[in-house]
Amino acid sequence: MKQITLALSCMLFSFSFSYADGNKDSLELELEKQLLFIDSVENALHWDTSTVVIGNGIAKIKVPKGFKFLNATQSKFVLHDLWGNPERDDILGMIFPENGGPYADSSYVFVVSFEEDGYVKDGDADDIDYDDMFKDIKKAEPDLNVERSKEGYEPILMMGWAAKPYYDKNKKVLHWAKELKFGDAESNTLNYDVRVLGRKGILSLNAIAAIEDLPLVKANIDKVLMMPEFTEGNKYSDYNESTDKVAEYTIGALVAGSVLAKTGVLAMIGKFLIASWKFILIGLIAVGGSMRKIFKRKKPAEAEETDSIA
């Protein structure tokens with residue numbers, strides 16, 4: 001935290017120094033350009049606040065008061081183009097608190113996706129030792145991070161369970177939380193994972209937030225668990241043993257596989273120490289910084305920012 005505070009102070013000092021040097025006009029133009037881009041993104045996003053059918057009708061999200069939903073196309077833009085995550089075709093949307101958004105300085109988001117791997121048998125749910133699983137995950141990290149590095153992404157270290165996995169047999173919902181460290185980031189990231197088992201696969205809701213937001217996520221997790229629902233014919237209870245595909249893994253492998261997936265872990269925009277990110281942006285512009293370096297976790301050698309939302 002001290003390093004971040006020092007960096008922000010230096011940025012703001014540099015901004016004042018540049019103004020004294022007579023660069024006011026160019027700095028104002030650059031600031032205006034950046035703010036216009038951010039405002040254009042925020043104004044272009046279209047939010048749903050009722051029940052939304054997703055995944056070609058396989059499931060629906062019942063958006064309650066206090067939340068809002070972003071569709072698949074816009075969510076992919078936010079995750080990949082703004083936040084620098086690997087491209088994924090399975091993204092179905094994002095659930096934000098009503099006051100949240102891509103550039104919120106303090107927020108969390110649940111990313112919704114679907115894995116059509118088949119019917120997951122849950123007979124092993126009571127027999128899993130999650131402490132042993134954590135040890136296995138740590139052993140596998142070095143090789144996975146080598147692959148991430150080859151793809152141009154920072155290494156990820158799992159620091160521990162923020163909440164151990166819990167499976168609700170009646171609702172067929174599995175959820176857990178992990179504390180992650182991205183590269184040399186000073187603040188760790190919270191990933192809170194929810195899996196809803198269905199007839200043909202798994203509906204996933206992955207929360208992304210700063211680790212200090214765990215109490216906030218936990219306070220709202222019951223509301224989140226009530227949002228996703230498979231449609232008739234696609235529910236876990238609709239499974240037909242004679243015709244339906246069975247997944248090649250069970251509950252234990254589902255948790256381990258989700259944690260270990262080299263591109264399955266998503267990063268979000270960092271929280272800022274100053275309430276207004278627009279104020280910080282002034283300092284970034286003054287020292288030649290770019291929005292991209294703050295709002296993304298990819299390494300610097302990347303393509304230019306996308307100018308519009310599909």
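I started with E11, which gives the most to the lining of the second largest pocket, three residues. My model here is a predicted one, where local features need pLDDT of at least 70, side-chain atom pairs count only at pLDDT 80 or more, and totals for chains, interfaces and linings use all residues. Residues are numbered from 1 along each chain as its sequence is written, and side-chain values use heavy atoms, with hydrogens and water left out.

**The pocket**

I looked up its volume: about 350 Å³. A pocket is an open set of points on a 1 Å grid over the protein atoms alone where a 1.4 Å probe fits, with protein on both sides within 12 Å along at least five of seven lines; lining residues have an atom within 4 Å of a point. The volume is the space filled by probe spheres set on the points, joined across faces, edges and corners.

Helices (H or I, at least four residues) and strands (E, at least two) are DSSP runs, numbered from the N terminus.

**The sheet**

Next I followed E11 into an open three-stranded sheet, ordered E2-E3-E11 with antiparallel pairing. E2 (51-54) and E11 are the edge strands, each pairing on one side only. Pairing takes at least two DSSP bridges between two strands. I noted four bridges between E2 and E3 (residues 59-62), and Val-52 has Ile-61 in E3 as its bridge partner.
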